[in-house]
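Subject: Handing over a structure, with notes

Dear colleague,

I am passing this structure on to you, and my notes on it follow below. Please read them with the coordinates open beside you.

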Amino acid sequence: MDIPKDRFYTKEHEWASIEGGTAYVGITDYAQSSLGDITFIGLPKIGDMIKQTEFCATVESVKAASDVYAPLSGKVTAVNKDLVAHPELVNKHPYDKGQIFVMEISNPDEKANLMDEEAYRSYVEGLSK
Amino acid sequence: MKLIFEKHKEGRRGPSHAKTGAPKAKGLDPKYLRKKDTNLPSLSELDVVRHYTNLSRLNYSVDTNFYPLGSCTMKYNPKFTERIALFEGFSDVHPLLPQLSGGGVLAQGSLEVLYETERLLSEITGMKAFTMQPMAGAHGELTGVMLIAAYHKDKGRRRKFVLVPDSSHGTNPASAAIAGYQVIVIPTGKDGYMDLAEYKKKLNNETAAVMLTCPDTLGIFNPHIKEIADMAHEAGALVYYDGANLNAMLGKARPGDLGFDVVHINLHKTFGTPHGGGGPGAGPVGVSEKLVEYLPISRVVRRGDGTYALDYQAHKSIGYIAPFYGNFGVILKAYAYMLRLGREGLIEAAEMAVLNANYCLAKLKDYYDLPYDRTCMHECVFSASRQAKNGVHALDIAKYLIDRGYHPPTIYFPLIVKEALMIEPTETESKDTLDAFIDVMIEIARLAEQDPTKIKEAPLYMPVKRLDETKAAREPNLRWRP
């Protein structure tokens, strides 16, 4: 299970890589492997105001459609348009080319609600028991 | 197998019939006339007959084999209902008749069937009134949520949210969203029931409704259902009953008595009418007293003199939701089914459905993980997690079952169970059929331990092997091109 050290995680298996006031967001390796082959990504709109833990995007696989929740609150500033034609990028490269969107963080304190690599790893291990 | 287009041979044709003496219809405006050939294949009559006969032999249906598809009640469709639907007095009645001057008298039998079916369903579910119009379950759901919206609007209440448990059918949040509501998902607690604490937290004076399947999609009856409904009512919200699993509690418990305000029923699930390609669906909607005035127009009424008519006078109605009055042939079949089984028969159907599901559960629980281990209702949900450790996933098990002549159970639903296998045998299956199916399931569990590739290679004996589902979803190609 690939869980990079340099990012933060949610219980719903989103990751956020935070650089100053900007966060890069995607779903984790665990999420993509449980979903199976991804066939469609419903991207948020640039300019959308999103709130931590609230719905912001959709991921559909051959098994199920699943919601993506915002790891932090803020404004969507860019989306990964490559995913429209190539949703499989999320399966192949969940942490870089499969990144879903970029956001401007409105409340940096919310970072405290996210898990670091170590906490997320033990959370995921707990799930598969 | 070749497509019929690929069987084309230039110059081949079926029999051509003598021309009639009737004059040609006045020609269409030339701008509508086709300029190019239609590209239909040239074939002999026998080519066509063989093509479609062979295709029909590849068909799998509840008339050919066991069909334990969970959450979808694929019960047998008794043939007497088909005979009744073909009675000329019903099949030749034009749906416009009740609206024509003097036509109502010619449609009394059909109107009485609609009226009586509404009364029977009201009695079975404990609701005040029904509309038989929705054409399918999802259509019924949307109608139901629109009724809820009309109610709140009429009362001057601003409501924004619809609550659904994370085990719900996907159509519940979809119907709520299409009706203009925002959906809030309530997680399932460790005990397998909707998390009550989380529900209380999300329920407030902006909640329009909570939508529940009962028994829920884990095949479990939620003992807190009355409490959930009471809390919703206290907050001024309504409670919606998704009737997909009504088969389990026919004659045992009534949604109306449990506090539900809106109910949709799938006649093609609970009342033995054909499913999927076998015929159109029907998703009648029942309501409690406070929602009756919002029901779609028209309503079937019984006049003082005992005659029946369609009533269009309802100024608070949500309006028209369907052309004419629902899928009449389907409603007729369900009516015949209810009368033939009677009160005792319907109760027995529910009991046998629950018994059959528990039989499967008891026989298979040593071989498959059971995430929520308790007596189930009409369906049982296993997890193939144990088999997945050897690389045998729910999908592989499904493919192997096809090879062995069984329609697979529902897989990967409900979403909250990993590697879900959801088995719903229904009441019409004999112990022999169940035993044969159980034997194959046990064989799969054994192969998953000893020889997993056998399962992973399946199906080997079907006209097509594994289809590339991912490619089909990513690059759908729905048209034949030369």
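In these notes a residue is called buried if 20 or more other C-beta atoms lie within 10 Å of its own, exposed if 12 or fewer do, and partly exposed in between, with the C-beta atoms placed from the backbone. Helices (H or I, at least four residues) and strands (E, at least two) are DSSP runs, numbered from the N terminus.

This is a predicted model, in which local features need pLDDT of at least 70 and side-chain atom pairs count only at pLDDT 80 or more, while totals for chains, interfaces and linings use all residues. Residues are numbered from 1 along each chain as its sequence is written, and chains are lettered from A and ligands numbered from 1 in the order in which they are written. As to confidence, the model scores ipTM 0.72 and pTM 0.88; chain B has a mean pLDDT of 94, with 99% of its residues at 70 or more, pLDDT being the predictor's confidence in each residue, from 0 to 100.

Helix α5 of chain B covers residues 137-154, and its 18 residues reach 26 Å from first C-alpha to last, close to the 26 Å expected at 1.5 Å a residue (the expected span is 1.5 Å times one less than the number of residues). Because 14 of these 18 residues are buried, α5(B) is largely enclosed by the rest of the structure. Just after α5(B) comes Gly156(B), with a positive phi of about 75°.

Strand β2 of chain B (residues 161-165) is likewise largely enclosed by the rest of the structure, because four of its five residues are buried.

Strand β11 of chain B contains Ile411(B), which counts as buried because it has 20 C-beta neighbours inside 10 Å. Beyond its neighbours within four places in sequence, Ile411(B) is in contact with Ala394(B), Leu395(B), Ala398(B), Ala420(B) and Leu421(B), where contact requires that the C-beta atoms, placed from the backbone, lie within 7 Å.

Chain A also has an open antiparallel sheet of three strands, in the order β4-β6-β7. Strands β4 (38-42) and β7 (65-69) of chain A stand at the edges with a single partner strand each, so one side of each is left without a neighbour in the sheet. The twist averages 25° from one strand to the next, with axes taken as lines fitted to C-alpha atoms (for helices over the stretch in contact) and angles running from 0 to 180 degrees between N-to-C directions. Strand β6(A) (residues 55-61) pairs with β7(A) in the antiparallel sense over five bridges, and Val59(A) has Ser66(A) as its bridge partner in β7(A).

Some backbone geometry deserves a look. Most residues other than glycine have a negative phi, and most peptide bonds are trans. Thr53(A), in the loop between β5 (49-50) and β6 of chain A, has a positive phi near 70° and is partly exposed, with 17 other C-beta atoms within 10 Å. Thr426(B), in the loop between β12 and α14 (431-450) of chain B, also has a positive phi, of about 70°, but counts as buried because 25 C-beta neighbours lie inside 10 Å. A cis peptide bond with omega of about 0° joins Ile297(B) and Ser298(B), and Ser298(B) has its place in the loop between β7 (285-287) and β8 (299-302) of chain B. The peptide bond from Ala458(B) to Pro459(B) is cis as well, with omega near 5°.

Finally, there is the interface: seven residues of chain B are in contact with seven residues of chain A.

With best wishes

How values were computed
Contact = placed C-beta atoms within 7 Å. Pairing = 2+ DSSP bridges.
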